[in-house]
Amino acid sequence: MIKRIEEIDKALKNDMPESALALTLTLPDICGQIEAPNEKKVGKRYKDWISKNVALDKFDVYFDGLVTSANSGVDPKLPKMDAEAIYRLRCHFLHSGDADIHDDSTVSNMDHFVLKKIGCGEYEDANGRLIVGGFTIYIERDEDGKETKHYEIDIKYLCDIIVDAARRFYEQIPDKHVFLDHAIEIVD
């Protein structure tokens, strides 16, 4: 487990975001199997582990004054990353090589999802988009009033949050041998 986390860190430092993301999205699978070995439904086990261990509030913006002013005082029900969205990202990215989670009917809180590098901090940009700690969320309205909910997230930010949860989980498990069943041996 620690070796996998170290490889994620190396991939991020060496500008290999897809490699980092792929390894990161496997961590909840591994941890979920250790936490709930009798749960046979992979999706349930994965989402349960995410919900219990990942700081999902770091992907969300609470409705506040800045959001209100950015959206004309109307609660826009902004899109957010949750356990379902992360699981869909895992499925799409690892099985199809894409991140089209917004096209999945189970992820109804966003219309457009983008993985990118966007700086950190919290501010409103020139277009009224709220920038918060590694992700951008905004609602675009066309001339007919149709809304498109956008969620854009920095890959490093996403990886860091999931890796931190996996690292904490690893540290909580007294018998580290359980992680050996989820490691591969690479020989020279």
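Visitor: What share of the 188 residues in the chain do buried residues make up?

Guide: Buried residues make up 43% of the 188 residues, where buried means under 20% relative accessible area, exposed over 50% and partly exposed in between, with a 1.4 Å probe and protein chains only. This is a predicted model, in which local features need pLDDT of at least 70 and side-chain atom pairs count only at pLDDT 80 or more, while totals for chains, interfaces and linings use all residues. Residues are numbered from 1 along each chain as its sequence is written, and side-chain values use heavy atoms, with hydrogens and water left out.

Visitor: How many helices and strands are in the chain?

Guide: The chain has six helices and five strands, which are DSSP runs numbered from the N terminus (helices H or I, at least four residues; strands E, at least two). From the N terminus on, their order is α-α-α-α-α-β-β-β-β-β-α.

Visitor: Which residues of α5 are buried?

Guide: Helix α5 is mostly covered, with eleven of its 14 residues buried; they are Ala83, Glu84, Ala85, Ile86, Tyr87, Arg88, Leu89, Arg90, Cys91, His92 and Phe93. These buried residues pack against α2, α3 (42–53), β1 (112–116) and α6 (155–172), contact being heavy atoms within 4.5 Å.

Visitor: At what angle do α2 and α5 pack?

Guide: Helix α2 (residues 17–35) and helix α5 (residues 83–96) pack at about 125°, their axes 10 Å apart; axes are lines fitted to C-alpha atoms, for helices over the stretch in contact, and angles run from 0 to 180 degrees between N-to-C directions.

Visitor: Which residues of α2 and α5 meet?

Guide: An α-helix has 3.6 residues a turn, so residues three or four places apart point the same way. Here Glu18, Leu21, Ala22, Leu25, Thr26 and Asp29 in α2 meet Ile86, Leu89, Arg90, Phe93 and Leu94 in α5. The residues of this contact divide into seven nonpolar, one polar and three charged (Ala, Val, Leu, Ile, Met, Phe, Trp, Tyr, Cys and Pro count as nonpolar, Asp, Glu, Lys and Arg as charged, and the others, Gly among them, as polar).

Visitor: Where is Asp15 found, and what is its phi?

Guide: Most residues other than glycine have a negative phi. Asp15, in the loop between α1 (2–13) and α2, has a positive phi near 55°, and Asp15 is exposed, with a relative accessible area of 52%. Just after α5, Gly97 takes a positive phi of about 75°.
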